Every structure is written in C-alpha cells, then in structure tokens.
Amino acid sequence: MDHLKVKGGIPLHGTVSASGSKNSALPLLASTILLDGETVLYNVPNLSDISVMIKILNSLGMRVEACPDNQVRIWNEKKIRHIAPYDLVTSMRASFFVAGPILAKTGFAKVPLPGGCLIGSRPIDIHLKGFADLGAEIKLQNGFVELRARKLKAARIYLDFPSVGATENLMMAASLVEGVSYIENAALEPEIDDLADILIKAGAKISGVGTRCIKIEGVPELKGVSHHVIPDRVEAGTLLIAGAITGGDVTVTNLNVDHLEPLIRKLKDCQFGLTIKENTIRVIGKKEFCGATIETLPFPGFPTDLQAQMMAILSVAKGTSIVKETIFENRFMHAYELNRMGADIKIDGNHAFITGVEKLSAAPVKITDLRAGAALILAGLRAEGITVVHGLKHLRRGYQGLPEKLGHLGASVFV
Ligand code: UD1
C-alpha cells in the first residue's frame, strides 16, 4: 500500500518511546568497513534506508545481518571490495558514506554519485575536496566517483560549509591515515558525536568533537565493538509536534533532551506547555497557540529536518509566522500540499510566510520527501475529515512504525 488515511480531530494522549536515530545508524554502519572482526549495533531503527545500507555492506564483501530487537551484527573479514553497487547507492544519498571508509581501508573506492530526497541539488564537492586534501586522486566518470591513493596523508581540511556528511566521511577516512589530521569548520550535530564514539571505542584517536575543529590521529587498525545508537531527535520531535498540533498530551521517552533544545525553544515560543525530565519530554497542546519565526541552521540551530513538521503547526497558529530555510534550496514542497488542505502559505525564495488559519480540511496529498511526509500526516491529524496521504515509500525511509506509534497515542491512521 502506498497511501495512508488519517482521520483528523482526535487529540493524542499517552507515552511513546523514540527509536534509534536513522542519521546516526547510517554512518555507524558505514564505519564498520573500517572495523575488523565483529561489531554489534543496538537500537538500529528498522527502516528502508537502513536495509539499503545493509545491502551495500553485504555487496562490499562484509556479512551483515539485521536481527530482531533492532540489532545489527556485522562481520568484517578485511576483504572489502572497491566498487559500491550503482542501483543501491543512487537510491540514497547517505550511501556515499561508504566512500571514505573504502578509500581508507583499500586505497581505491569506486562509488556512484549518490541520490536521495528531492530537496535540492545536494552536491558532494565538500567531501571530495577533503579526500583530495588527504591525498586522494579523484576521477568522475560514467556516473561514478573514483578515489585512489597509494598512501593517504594526514592533512588540515577546511570545510567550506559544516556539512554533516562530509564531516563524517572525512573523520572515518582520516582515522586510518598515519599522522594528525584536522577537520576545521566541522559540523556539530549529535550524530557526529555518536560516530566519534564508536570509532574511539574501536581504537581511533579523535578529539575536539562538538567543536568546530576535530583532531584525528591516525591508527593502523580499528577493531569491532558493541555500540548503542543514539535516539532519533527528528522522530522524537515529530511525535511531540503530533501531541501539540492535536491539542493532546503526549510524552516521548528515551530521547536526548539536549539534542531537542532548538525544537523546545520554538514550541515554547508557540506557548505550548512542556515538562522536561532527563530523557523525557511531555507536551501539552492547546486550542489556540502563537506562531513563531524559524530559521533553519546547522546544529545547534533549528534543524532543517523538523522544518516541514513545524510548518504544519504554524499553519494553524495565531498570526503570521515566517520560516527561512537556509540548508536546502528546495525544501518547501510540503507547503503547496498544506495549502491544498486550507493552509495559507506563501513562498518567496527561501522564505515561507504562513498566515495561521482556523482549520485545515482533509484533501488527497502527496509526499515528496521524507520530512514533508511527516508534515502532511501531522496536518491530517489536525484537519477536519479523512486525509489520504500518498507516497508512503518516502516515510518508510525514515520513520520506524510511525502509523503504529500514532495509533498507540489514539490516532486513527489506517490504509
Ligand atoms: C544530513 C542528514 C539530513 C539533514 C542534513 C542537514 C544524514 C543521513 N542526513 O544530510 O537528514 O537534513 O544533514 O542537517 O545524516 N553540501 C554541499 N556540498 C557537499 C555536501 C553538502 O553543497 O559536499 C550542501 C548540501 O547540498 C546541503 C547542505 O550542504 O544544501 C547541507 O548538507 P549536509 O550537511 O552535507 O547534509 P547531509 O549530510 O547530506
């Protein structure tokens, strides 16, 4: 089934637990190319993007098994193939994470140019510039990137933009490069910490994570480890927004409060009631709430991955709200679908001007990318009538059992 029906107007109540982070699990899986022997990852979300990454690793000559209870077991017998499969890599941008580890491990990587959500052109120039700084020769031909180096050399790499993926790819590659490398203007996202944690457990010498300059002292080898993936801040945030937009009372457990600070600030600006404990946030929705001004920024700024979901809420907030998207150039497709449900959103370049309306009405809508899909379901939970949301394959890439979790909170979500 590629569609979902959402009955609106039911306030959600109850407690749900956040799953493991997709954006952490993907680079963690790629990092196991560097880790000799057996690795066990816990709290890996069951998602189609994760299945793609597992298939890529298997095709590279590793043995990877997804087990029940969100465990993934990986055996790396040091026989890594150089070429990543075209069909799989082009279906998901994050599969380019294997480039750095294959290069560092074997000296030659041939990886297709990546694909992914339709939210902008999303080049990989920052990754490639960093690999070149580490001494790799780079060739682009027939849709593949070829990276080659007889011996990589330590380098001081400056990222023109604090790209999450480039920071991860280069940190993985540099961890096996003799000498001391630096990544300057590195990303600060929590997923970078998680990746550094597994590499450090495996024997890497990495410091400065969480600052703009990461120092990596290369080691000759890294060993398999056990590791628990951090909670998914985007999923947790989406569930909190579901509680708020329906005027409900929802508690999300098993999350990291620090990772959700930017969302907490904006929900407070809207004047929702929040109770925050160590690993738990409770949101109490209300009938009328204020709008907000949001600018997406690299962490600790407001995450682009929660922009669409917040836009759903702002579409029924009092007054006019403004959303500025600075990370991706084409990430407002959900606005046009929200307008089909009665929202009043005007787009001008990278700004969205949202005039809050009293009610949304059900309509057939189409998911264009992962987080847009979440926004449309949230709007459907609020709208009058039954909203039919098409394009569920996008949602399955990044939300483990979202319909079931919403159902557990009392939502009527069905096929
Ligand atoms: C990661 C997340 C994604 C999130 C994004 C920004 C994963 C698997 N995905 O994506 O969910 O929305 O961070 O928080 O972790 N850019 C370039 N050249 C590059 C690399 C990036 O121009 O070489 C641009 C991108 O087109 C984009 C911006 O930089 O406009 C941010 O990209 P980046 O931080 O790299 O995001 P991803 O790692 O792709």
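Predicted model: local features only at pLDDT ≥ 70, side-chain atom pairs only at ≥ 80, totals over all residues.
**Domains.** Colour the chain in two parts: domain 1 covers 3-19 + 231-414, and domain 2 covers 22-228. Their centres, taken over C-alpha atoms, lie 30 Å apart. Next, select the contact, to which domain 1 contributes 21 residues and domain 2 contributes 24.

**The interface.** The two domains bury about 1,900 Å² between them, with 51% of that on carbon and sulfur atoms. On the domain 1 side, pick Phe299, Arg397 and Gln400; these lose the most area to domain 2, together 33% of what their side buries.

**The largest pocket.** Select Arg93, Arg122, Val164, Gly165 and Phe328, which are the closest to the centre of the largest pocket among its 41 lining residues. The space there is about 980 Å³. Both domains take part, each supplying at least three residues of the lining. Now show the helices α1 (22-31), α5 (125-133), α6 (164-174), α8 (233-245) and α12 (370-382), each of which provides at least two lining residues. α1 gives the most, four residues. Coloured by class, the lining shows 21 nonpolar, seven polar and 13 charged residues.

**The second largest pocket.** Its volume is about 430 Å³. Select Lys287, Val316, Glu358, Lys359 and Arg382, the closest to its centre of the 23 residues in the lining. By class, that lining divides into ten nonpolar, five polar and eight charged residues.

Note on methods. Residues numbered from 1 in each chain as written. Heavy atoms only, no water. 1 Å grid on protein atoms, 1.4 Å probe; cavity = no way out; pocket = protein on both sides within 12 Å on 5 of 7 lines; lining within 4 Å. Points joined across faces, edges and corners; volume = space filled by probe spheres on them. Nonpolar A, V, L, I, M, F, W, Y, C, P; charged D, E, K, R; others polar. Domains from an automatic or database assignment. Contact = heavy atoms within 4.5 Å. Buried area = accessible area lost by both parts, 1.4 Å probe.
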